[in-house]
Amino acid sequence: MNEMTPVEMPGKTKPKFGSGPVPKHVAIVMDGNGRWANARGLTRIEGHKAGELALLDVVAGAIEAGVEYLTVFAFSTENWKRSPEEVRFLMGYNVEVLRRRRDQLNAWGVRIRWAGRPKRLWRSVTRELDAAEVLTQKNSKLTLTMCVNYGSRQEIIDAVNQLAGEVALGKLKAGQITERQLERAFNSSFVPDVDLFIRSSGEQRISNFLLWQSAYAELVFDDTPWPDFDRRNLWNAISDFTNRDRRFGAAVDKPAKRNRAK
Ligand code: IPE
Ligand code: IPE
Ligand code: MG
């Protein structure tokens, strides 16, 4: 990856997508770093390091495709269960990547935001995320949301507790809380519903990522481990998405013509 603008990256041509619209919001579980590294005789930490360029390339590919929101899972509320060495590395690494890449992302017109629980997250990380948010706050090409110490159940319960507090103060009426009010209390309240949910590395699960927001997301599971992932994997998923029929519970009656000869 270099300092060129995303559209000038050579060698990768965007395919012709299907007839449907490009997804406005793409969410990605960047998974498979550890297995990628261990399979090569490397430590899990080497795997995380190899994921940085994948993220940059996917951001560039998202811009090229016309995606407006890209939300990536960088560290979950469950990832604290990992070894102290891996957790320590990931905390420091998030700071390093933001510092190393924020100017490049800023030059591309990317607005960086973060979603997650501040509690327990290292101050050095929240400070860096806050700084990246301030630096890029006027950008509008693509909103890149870094989910760090993010868990969807935790986000929902935090929002419920906030609304319960407002009910107790008489600001809200019990029994009349709407979906919109709950969403406004989410720490990721600025992202719309997920259109396309991608997970790398072959695992087919959600792992507590954007549960509410993905109620009607199209799911794409790609076998590629995250360090080998690039914009072409994103484009393949978008291509798949643009050929799907999203019905949101509705239905259209279209009986096929019957063969009268039978
Ligand atoms: C994803 O890769 C990165 C983080 C969770 C931080 P993993 O570290 O989960 O890699 P695998 O799934 O063990 O291969
Ligand atoms: C989800 O991946 C979290 C991130 C990618 C940050 P995990 O690797 O932690 O999920 P599980 O444990 O396989 O479900
Ligand atoms: Mg994993």
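Let's start at glycine 109, which follows helix 4 and has a positive phi, near 85 degrees. Keep in mind as you look around that this is a predicted model.

Helix 4 runs through residues 84-107, a stretch of 24 residues. From its first C-alpha to its last it reaches 35 Å, close to the 34 Å expected at 1.5 Å a residue. Follow its axis and you will come to arginine 101, where helix 4 bends by about 45 degrees.

Now turn to ligand 1. Where does ligand 1 sit? The space it takes is the largest pocket. Around ligand 1 there are 13 residues, and the closest are Met30, Asp31, Arg35, Arg44 and Arg82. Helix 4 comes back into the picture here: together with helix 1 (33-39) and helix 2 (44-49), it is one of the helices that each supply at least two residues of the shell. Which helix gives the most to that shell? Helix 1 does, with three residues.

Arginine 82, listed among the closest residues, has an N or O atom in its side chain 2.7 Å from an oxygen atom of ligand 1. Arginine 44, also on that list, places a polar side-chain atom 2.8 Å from a ligand oxygen. With asparagine 33 the backbone takes part: one of its polar backbone atoms is 3.1 Å from an oxygen atom of ligand 1. Looking at the ligand as a whole, the protein covers 88% of the 380 Å² of accessible area that ligand 1 has on its own.

Definitions and conventions
Residues are numbered from 1 along each chain as its sequence is written. Chains are lettered from A and ligands numbered from 1 in the order in which they are written. This is a predicted model: local features need pLDDT of at least 70, side-chain atom pairs count only at pLDDT 80 or more; totals for chains, interfaces and linings use all residues. Side-chain values use heavy atoms; hydrogens and water are left out. Helices (H or I, at least four residues) and strands (E, at least two) are DSSP runs, numbered from the N terminus. The expected span of a helix is 1.5 Å times one less than its number of residues. The bend at a residue is the angle between axes fitted to the seven residues ending there and the seven starting there. A residue is near a molecule or strand if one of its heavy atoms lies within 4 Å of it. A polar contact is a pair of N or O atoms within 3.5 Å; within protein, one must be able to donate a hydrogen and the other to accept it, and residues adjacent in sequence count only if both atoms are side-chain atoms. Accessible areas come from the Shrake-Rupley method with a 1.4 Å probe; for residues, only the protein chains shown count as cover. On a 1 Å grid over the protein atoms alone, a cavity is a set of points where a 1.4 Å probe fits but cannot get out, and a pocket is an open set with protein on both sides within 12 Å along at least five of seven lines; lining residues have an atom within 4 Å of a point. A molecule sits in a cavity or pocket if more than half of its atoms lie within 2 Å of its grid points.
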